[in-house]
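Open the model in your viewer and keep the selection panel to hand. Each stop below says what to pick and what is there.

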Amino acid sequence: MAVSVDPKALVEGERPLFNVSYGKLMMWFFLVTDAFTFSSFLISYGSHRIRSVVSGVEWARPEEVFTHFPVLYEYFHIHAPLAFVGLMTFILIISSVTMVLAVEAGHRKSKKEVEKWMIWTIVGGITFLLCQAYEWYHFIIGTEGGALINGTLVHGANLKINEYGPQAFADFFFFVTGFHGLHVFSGVIINIVIYFNAALGTYEKRGHYEMVEKVGLYWHFVDLVWVFVFTLFYLI
Amino acid sequence: MAADTTTHNHDGGASTRKKIYMTTLILSVLTAIEFVIAYAMGPGTARLSIFLIMTLIKAFYIVSVFMHLGSEVKRLIWGILIPFGFIVWLLIALSKDGDHYGNNALKDANMKRQAVESTHGSNHGESKTQDTPKTEEANPSGH
């Protein structure tokens, strides 16, 4: 439920300036700062990439790096460029949808539905993390052929070597997707807490499900960041 | 829908849910189109612009519908959006910076190559007939 503001309270100060509860406003403040952090990450990635390309050093090609798709790769040796990342994006969007459905159920104070949608949101988050683990695994071990860098054969990438292109590409990959993954991980934990609170009837006793809304804001933000990472890191 | 719904909205949130499903459809379709474009179109300014516009549309729907910002008061909307002017500034500044740095690196590399070429030429008294770009690699054998 949105915060209840007495419409008759016309005197400034009796009514919250932004017409949202304190908790929601603070969550928005946090999200704006967090968005700044992610923006800085992605913009400095762009800066490094421009610098590299302008100086004549070829950048890595994401569509040639992220080609592994579970089962297809292991059993059929089929490479599906960016397909798995597309799937991950879809999973995160769907888990965002189940979250907003939990929020909507909270408006109707439907305990059962909040529980159901929270469970699905948690499942989506965990699935996304497992997908990311798979992707990191293949990024780190690299291709069978590897690449020759300064006369040495290099497989995969870490913070010191990178077979796919400039070192900055691997560094940014680990930091951007790692930082985002950390957000997903903490989001899953917070969602689990919210699920138990809802299931134990904490919000029912409190009379409103606003906590679901606040955590929902955070979870949507994680999805929002991934939309940008997907475009700026994988597609371009 | 469960029987224990103590409804506040007159339609039991049906219109809200409809809006959510419509948004889901839009986001999924846009992601699918992005994916197709990544395959079908070669890299370039046109593709970059399409990707950026589609990403901003998706961001708009997530923030406006899922995060419910579209239904908040104007003061809150602007209070959240205006700070991102700094991000636009950072984007322009760091793009220029990367471009400048790259150009300098390129110039340095060219100057170094020319210096190597000229010393190579004077040491051996040769005219600059060979114009191979791999002078730097060829140099150690000359000394």
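Predicted model: local features only at pLDDT ≥ 70, side-chain atom pairs only at ≥ 80, totals over all residues.

**Stop 1: the interface.** Colour chains A and B separately. Select the residues of each chain that touch the other.

Stop 2: Select α4(A) and α1(B). How far apart are their axes, and at what angle do they pack? The axes are 11 Å apart and the angle is about 170 degrees. Angles over 145 degrees count as roughly antiparallel, so α4(A) and α1(B) are roughly antiparallel to each other.

Show side chains for the contact:

- From α4(A), pick G86(A), T89(A), F90(A), I93(A), V97(A), V100(A), L101(A) and E104(A).
- From α1(B), pick T16(B), R17(B), I20(B), T24(B), L27(B), S28(B), T31(B) and F35(B).

The residues of this contact divide into eight nonpolar, six polar and two charged. Look at the spacing along each helix. An α-helix has 3.6 residues a turn, so residues three or four places apart point the same way.

**Stop 3: α2(B).** Next, highlight T55(B), K58(B), I62(B), V63(B), V65(B) and F66(B), which are buried. What do the buried residues of α2(B) pack against? Their partners are α4 (83–107) and α8 (210–235) of chain A, together with α1 of chain B. Step past the helix to H68(B). H68(B) follows α2(B) and has a positive phi, near 65 degrees.

**Stop 4: the domains of chain B.** Colour residues 11–71 as domain 1 and 83–125 as domain 2. Taken over C-alpha atoms, the centres of these two domains of chain B are separated by 38 Å.

**Stop 5: T202(A).** Move to chain A and select T202(A), in helix α7 (residues 202–206). T202(A) counts as partly exposed because it has 13 C-beta neighbours inside 10 Å. Finish with a distance line from T202(A) to G165(A). These residues are 37 apart along the chain, and their C-alpha atoms are separated by 52 Å.

Notes:
Residues numbered from 1 in each chain as written. Chains lettered and ligands numbered in written order. Buried ≥ 20, exposed ≤ 12 C-beta atoms within 10 Å, placed from the backbone. Helix = DSSP H or I, 4+ residues; strand = E, 2+ residues; numbered from the N terminus. Contact = placed C-beta atoms within 7 Å. Axes fitted to C-alpha atoms, helices over the stretch in contact; angles between N-to-C directions. Parallel < 35°, antiparallel > 145°, perpendicular 65-115°, else oblique. Nonpolar A, V, L, I, M, F, W, Y, C, P; charged D, E, K, R; others polar. Domains from an automatic or database assignment.
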